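Work through the exercises below with the sequence and the structure side by side. Try each task before reading its solution.

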Amino acid sequence: MSPESVSPPPLPVVWRPKNGRIVAYGFACVITLGAILMAIFLPAPFTLADRIGMLVLGLLIAGALHLLGRCRVEADERGITVVNPLRVRRYEWAEVLGVTLADHEPWAKIDFADGITVGAMGLQGSEKKRATRQVSELAALIRERGEADEAR
């Protein structure tokens, strides 16, 4: 399947990794449950502060895993939004030049008119066929929307 043969999907569309979300949220649940159980069953020498500290630590780790699980790329009529763990970036279609996913890369990269390249962790290279399809769909949208807007 060549990237040029893929037709753009209907908007709005959200691309997000499947396996990464399962792992991140699965571990977040296990760690939170483990922290709750440890806080309940800690032996007598441990104080209430120790138990609360255990819960807080578990919730902090779950929060960090949520940041990894929320990664996605959203496209709508106005442009794209790239949601990475610590940053959310919004771009208009005219700013987007292209998207690439090289072999053995962890995630796709999106190039912009101002010369920057942003990693899109929502398009995970580890999900080979799925990622290839998602990148091809985004590339089709960029060809359709980005170049069409500049030609006006």
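The model is predicted: local features need pLDDT of at least 70, side-chain atom pairs count only at pLDDT 80 or more, and totals for chains, interfaces and linings use all residues. Residues are numbered from 1 along each chain as its sequence is written, and side-chain values use heavy atoms, without hydrogens and water.

**Exercise 1.** Find the helix that gives the most to the nonpolar patch.

Solution. Step one: list the members, Leu 33, Ile 36, Leu 37, Ile 40, Phe 41 and Leu 55, which make a nonpolar surface patch of about 570 Å². Step two: helix H1 (residues 19-41; helices are DSSP runs of H or I, at least four residues) gives the most, with five residues. Step three: take Leu 37, which lies in H1; its relative accessible area is 40%, so Leu 37 is partly exposed (buried is under 20%, exposed over 50%, partly exposed in between, with a 1.4 Å probe and protein chains only).

**Exercise 2.** State which element gives the most to the largest nonpolar core.

Solution. Step one: this core has 22 residues, and among those touching the most other members are Trp 15, Ile 80 and Leu 138 (a nonpolar core joins buried Ala, Val, Leu, Ile, Met, Phe, Trp, Tyr and Cys residues through side-chain atoms within 4.5 Å). Step two: elements giving two or more residues include strand S1 (13-15) and helix H3 (128-151). Step three: H3 gives the most, with five residues.

**Exercise 3.** Decide whether Glu 127 is buried or exposed.

Solution. Step one: locate Glu 127 in the loop between S7 and H3. Step two: its relative accessibility is 7%, so Glu 127 counts as buried.

Key
Patches are made of residues with over 30% relative accessible area and no salt bridge: like charges are joined within 9 Å, nonpolar side chains (Val, Leu, Ile, Met, Phe, Trp, Tyr) within 5 Å. Accessible areas come from the Shrake-Rupley method with a 1.4 Å probe; for residues, only the protein chains shown count as cover. A salt bridge is a side-chain nitrogen of Lys or Arg within 4 Å of a carboxyl oxygen of Asp or Glu.
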